[in-house]
Amino acid sequence: MYRKNILKKQQNKLVLLNFIAFSLIFSIFSFIIYQLVEETLYSSVDNELLRAKEMSERPNNRMPVPFNPRMIVLLRDAEGAILNEEQIGTRFINEFSEDLPFSLETIETIQTTKLANDYVFRSLMYPNSNGSYTELLISVEAEQSIVNNFIKILFICTIIFVLLSITASYFLAKRSMNPIINSWGKQSEFVENASHELRTPLTIVQSKLEHLLTKPEDTIMNQFESIGLSLSEIRRMNIMTTHLLTLARADSLEQQLQKETVNLGNLVNEVIHPFYELAELEQKEIITQIHSKRTISIDKNRIHQLLVILLDNALKYTRPQDKIHVVLREDPEYLTIDVSDTGIGIREENIKRVFDRFYREDKARIKETGGTGLGLSIAQWIVESHNGTIRVSSKPSSGTTFQVKLPYK
Ligand code: ADP
């Protein structure tokens with residue numbers, strides 16, 4: 001419940017953040033587009049005004065302003081009184097003279113002028129050589145209605161996009177939460193499994209010790225079995241905690257590889273050496289074929305650990321008279337190590353689960369094998385952190401092969 005609440009809160013935060021980011025991007029985008037459209041539309045009118053002014057100012061051109069049907073030309077005296085009233089039309093002057101104030105503050109700069117609050121013009125006033133002024137006006141009604149329509153469309157689009165962005169934010173937040181939820185789930189499962197796995201040997205040790213306490217007069221010889229079992233459970237717990245620590249560090253990416261250039265053949269021989277004796281004690285045979293003298297860049301301790309896990313399993317899951325083959329060979333891109341045995345094998349439906357943490361095919365055999373179910377998870381992590389691959393093939397009763405491929409660098 002608590003976890004669900006935290007995740008929900010985090011997801012809502014992400015939705016809000018995504019939504020704000022999307023809305024901001026859309027708004028900025030719309031604003032830039034609006035500015036660009038407005039500027040482009042008005043700039044052609046402004047150019048017309050500037051061109052007309054420039055032509056009328058040419059020294060050999062005494063024509064006041066070249067004729068342009070879109071343009072109204074006002075001639076003003078030094079006080080601003082309109083001199084060409086009859087040219088423009090008395091009606092125009094009567095209707096709009098109040099909206100056409102004379103101000104020298106805005107001289108030589110293009111202005112937006114509204115006549116009767118309805119008709120929008122771009123205007124430019126400049127002085128003439130005789131002390132009078134020319135004011136040019138071009139109606140931008142058409143441009144204005146384009147801009148107005150464009151604003152409406154832009155506004156509707158922005159609203160639609162903002163609404164869409166709420167949905168997109170929700171899905172994106174959900175998607176980005178998935179890996180967090182998964183790894184959180186895995187983490188809790190790992191902790192739960194670890195506690196469960198540690199509790200079993202602890203319970204055994206506790207009950208054996210309690211049993212010993214009820215027999216204070218008894219000799220060690222008589223209680224040999226209880227003591228032996230407790231010790232083997234403690235040993236198993238020891239291995240398990242080391243394995244758990246390795247995996248926890250691997251998960252937190254704290255574990256760094258200490259790579260060095262190594263002759264893998266020598267390392268394999270070194271690791272196998274003590275296993276010959278163990279195999280002989282259990283009437284099993286280890287056969288090695290080392291077909292490589294090439295060096296490889298690896299973390300020696302980790303690969304040592306990997307080989308021990310594979311050889312240990314091969315010994316654990318074989319019967320007397322079984323054989324264990326260890327083959328090392330060079331492939332063009334990889335050094336390949338095969339550890340195969342003629343042991344009990346793994347059932348087909350369980351093969352893909354052997355690398356899962358705490359997975360053991362036969363939990364009832366823990367006492368015999370002392371397994372923790374963590375060895376192959378660690379083996380897989382070691383191989384993958386070396387950018388290699390590990391594969392398993394097996395047949396019940398005929399044996400199992402683990403194939404490890406490690407790149408040279
Ligand atoms: P464990 O500590 O139980 O050996 P591992 O992670 O090393 O844990 O192995 C997981 C399971 O995979 C083992 O419990 C066993 O069922 C199966 N397994 C591993 N290696 C072999 C093998 N060589 N032959 C048959 N089964 C194997």
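This is a predicted model: local features need pLDDT of at least 70, side-chain atom pairs count only at pLDDT 80 or more; totals for chains, interfaces and linings use all residues.
## The four-stranded sheet

Four strands form an open sheet in the order β1-β4-β3-β2, and their pairing is antiparallel. Because β1 (71-76) and β2 (111-115) stand at the edges and each has a single partner strand, one side of each is left without a neighbour in the sheet. On average, and with direction ignored, neighbouring strands of this sheet are turned by 30° against each other.

Within the sheet, strand β3 (residues 119-127) is joined to strand β4 (residues 133-139) over 7 bridges in the antiparallel sense, and P127 has Y133 in β4 as its bridge partner. Helix α1 (residues 2-56) lies across β1, β3 and β4, and this helix runs at about 30° to β3.

## A buried aspartate

D299 belongs to strand β7 (residues 295-299). Although D299 is buried, it has no salt bridge, and R302, the nearest side chain of opposite charge, is 4.7 Å away, while a salt bridge calls for a distance within 4 Å. When neighbours within four places in sequence are left aside, the residues in contact with D299 are Q256, L257, Q258, K259 and H386.

## Two crossing helices

Two packed helices are described by the angle between their axes and the distance between the axes. For helix α7 (residues 300-316) and helix α10 (residues 375-385), the axes come within 9 Å and cross at roughly 145°, and the crossing of α7 and α10 is left-handed. On the side of α7 the contact is made by R302, I303, Q305, L306, I309, L310 and N313, and on the side of α10 by G375, L376, I378, A379, W381, I382 and V383.

Terms used. Residues are numbered from 1 along each chain as its sequence is written. Side-chain values use heavy atoms; hydrogens and water are left out. Two strands pair if DSSP finds at least two bridges between them. Helices (H or I, at least four residues) and strands (E, at least two) are DSSP runs, numbered from the N terminus. Axes are lines fitted to C-alpha atoms, for helices over the stretch in contact, and angles run from 0 to 180 degrees between N-to-C directions. Contact means heavy atoms within 4.5 Å. Buried means under 20% relative accessible area, exposed over 50%, partly exposed in between (1.4 Å probe, protein chains only). Lys and Arg count as positive and Asp and Glu as negative; His and the chain ends are not counted. A crossing is left-handed if the near helix is turned anticlockwise from the far one by less than a right angle, and right-handed if clockwise.
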